[in-house]
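Welcome! Please take a look at the sequence and the 3D structure below, and then we can walk through some charged side chains together.

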Amino acid sequence: MIEVRTRVEFMAYLKLMYELTYRKKVNIFLGIVGVLLITIAVIKPAPFNFEFFLGCFFILFIPLLTFWGSRKSFQVSPILNSEVIYTFSPDRIKISIGEMKSELLKKELSNIEETKDFFLLQLNKANLYPIPKKDISEQEREKIRHLLF
């Protein structure tokens with residue numbers, strides 16, 4: 001059993017959300033289309049350049065939407081903006097936030113993933129538990145990897 005006491009920082013969470021957003025091919029495609037539309041608008045100037053405005057929309061919409069959604073999630077969620085204690089055992093993960101306690105069974109998780117800065121536990125599309133690695137020693141990381149994967 002391993003106990004980890006950690007807290008997610010907003011900038012690290014925002015970076016994680018951008019990484020997860022731009023894994024999706026459709027978001028990369030829309031960014032490329034936006035750049036192409038702006039290029040067309042610059043090459044072919046016109047009094048009202050629809051391509052320029054549409055290109056700016058495609059380039060700015062996804063990052064702004066990701067930022068606003070991440071900020072709102074961070075402000076509302078106690079998992080993100082409070083100190084959290086995770087206790088890992090072979091079949092379950094206990095989560096404690098102040099007086100609130102819950103348990104996740106490993107078999108109920110839809111996805112377990114490791115990124116450069118986080119362990120990600122996903123219960124479903126709406127519930128993601130990011131565990132920052134910054135507060136975890138390398139030995140504890142190895143033990144957590146062994147228990148999770």
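Is Asp91 buried or exposed, or partly exposed? Asp91 is partly exposed, with a relative accessible area of 41%; buried means under 20%, exposed over 50%, and partly exposed in between, using a 1.4 Å probe and protein chains only.

This is a predicted model, where local features need pLDDT of at least 70 and side-chain atom pairs count only at pLDDT 80 or more, while totals for chains, interfaces and linings use all residues. Residues are numbered from 1 along each chain as its sequence is written, and side-chain values use heavy atoms, leaving out hydrogens and water.

Across the whole structure, a search finds 13 salt bridges, each being a side-chain nitrogen of Lys or Arg within 4 Å of a carboxyl oxygen of Asp or Glu. Here are some of them:

| Pair | N to O distance |
|---|---|
| Asp91 and Arg92 | 3.4 Å |
| Glu138 and Arg145 | 3.5 Å |
| Lys134 and Glu9 | 4.0 Å |

Arg92, the partner of Asp91, is partly exposed at 26% relative accessible area.

Glu138 is also partly exposed, at 45%. Salt bridges with shared partners join Glu138 and Arg145 into one network with Glu114, Lys133, Arg141 and Glu142.

Now to Lys134 and Glu9, which form a salt bridge. Lys134 sits in the loop between strand E7 (128–132) and helix H5 (138–148), and Glu9 in the loop between strand E1 (2–6) and helix H1 (10–21), so this pair ties together parts 125 residues apart in sequence. Such helices (H or I, at least four residues) and strands (E, at least two) are DSSP runs, numbered from the N terminus. Lys134 is partly exposed at 47%, and Glu9 is partly exposed at 48%.
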